[in-house]
Amino acid sequence: MEYEMKMGEYIKIREKKRLFGTFGYRGIANKDLSPGVALDLGAALATYLGKGKTVVVAQDTRTSSEMFVHALTAGLISHGCSVKTVGITPTPTLSFTIPYLKADAGIMISASHNPPEWNGIKLWNADGSAFSPEQDLVIEDIYFGKKFLPASWEEIGNVEQIEKISDRYIEAIISRTNQEIVRQAGFKVVLDCCGGAACYVTPNLCEKLGFDVVSFNCTPDGFFKERPAEPRPENIGKLKELVKMHNADFGVAHDTDADRTVFVDERGNFISGDRTFALTCYYLLRDNPGSKIVANVVTSSVILDVAEKVKAEVLWSPIGEPYITEIMKDTGAEVGGEENGGTIIRDWVWAREGPYLVPLIAELMANTGKTLSELSKEFPEYAQLKINVYFPKAEYDKKKFEVLKLIEKKVSEYNYDKIVTIDGVKIFFGKEWLAIRPSGTEPLFRVFTEAETEERAKELNDKGVDIVKASFEEVG
Ligand code: MG
């Protein structure tokens, strides 16, 4: 397939990158990521875009985010671009805002689910999609080569502060929502916005849709005092408790830039990102057979179960949002997503949604008259296991790709039903699978498995670990 070849090229590009990771640049504020780095990145983006262009700059609630707004702005305007700042805004809201304001690009300042001392810079296109790996490389080339093109005094850009962009975003979501049935359902919801950018969006959106809202951790907090930023099951205990205590219909937790949403059902059970993504696909595609879904390679097979039910096709993608967006654009897929709770909806914005998933899931519940636990139970649950196999760094860096090739060869001994090699190696036995990927940031191979029982997941995982260790040993 054409897109698979293109992704192969992208994976090679990913390895060449020196500054940007899978998705943007991340580092500890004032240590790895200084205002100087941000200034130069602003200059590099302005040089790439050309003079006279406009860039929207958005931020999360981290203590360092405002500092980076100023540094990036200085870099951008001194190199001839104008800046529109939109303040504390979720990533999907930025993605909505760039085309809404007819700007030429956007920058999101956030380290997503990383701890509060971290921050990150991510670049966005005029259509609201993330920069591709190719574009990242061009920016890096300008940045490291200091190929900046400064503006003369009369070319310096201006800065405009745009107020209340979140209100426009909320209005747009509401106009896409079946308000009547959602209002009639009169849902009670508990929200945990992580003290992040969703504080200004999700509570307001839910109130406008007539939900009875219980807010927890919905006041901006750059220290994330209430819980770690990643909405993992072990981090959202308080939300689970509150859902039960308030007899709520469901609970919602975001990460700091709200491009991830996980749900808690009415019984206080965690609904994984895989399932949220799958339920969203089920709802959006139920009357549209022949649709395509793009999922990253470590997404649960629940996406295959949903695809069977709505007669859709699943296309596998490498890990990382830009790859999913590219494949969606190339193949016309309607929905894309990742296992961690981010879902991209083609006819909405080119970013992983957080806030919009809340009325979507509510609509699904109202439409079917089912509780979230009932809806979740309509699709099989799988046991998952993830193990990291560490190696000495120098050796790992030298031979990881050769090791991966050998792994690919070795798994051919197994009687699998299907193999996917778009990012690492994934082999399927029916809907059960084993996936092995070298990490791009740490000296380790990740071994993921999913199976119908925990025993089988463990058995597959043990096999995977053995293959990784043997392959590493064999490559001299
Ligand atoms: Mg995020």
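C194 is buried, with a relative accessible area of 0%; buried means under 20%, exposed over 50% and partly exposed in between, for a 1.4 Å probe and protein chains only. The structure is a predicted model, in which local features need pLDDT of at least 70, side-chain atom pairs count only at pLDDT 80 or more, and totals for chains, interfaces and linings use all residues. Residues are numbered from 1 along each chain as its sequence is written, and side-chain values use heavy atoms, with hydrogens and water left out.

The cysteine sulfurs were then examined for disulfides, defined as pairs of cysteine sulfur atoms within 2.5 Å. The count is zero. For C194, the closest cysteine sulfur lies in C199, 8.2 Å away, which is too far for a bond. C206 is also buried, at a relative accessible area of 1%. Its closest cysteine sulfur belongs to C193, at 8.3 Å, again too far for a bond.

Attention turns to strand β12. Helices (H or I, at least four residues) and strands (E, at least two) are DSSP runs, numbered from the N terminus. Strand β12 covers residues 292–296, and four of its five residues are buried, so the strand is largely enclosed by the rest of the structure.

Two strands pair if DSSP finds at least two bridges between them. β12 pairs with β13 (residues 313–317) in the parallel sense, over five bridges. Here V294 stands opposite L315 of β13. β12 also pairs with β14 (residues 335–337), in the parallel sense and over three bridges. A295 has G337 of β14 as its bridge partner.
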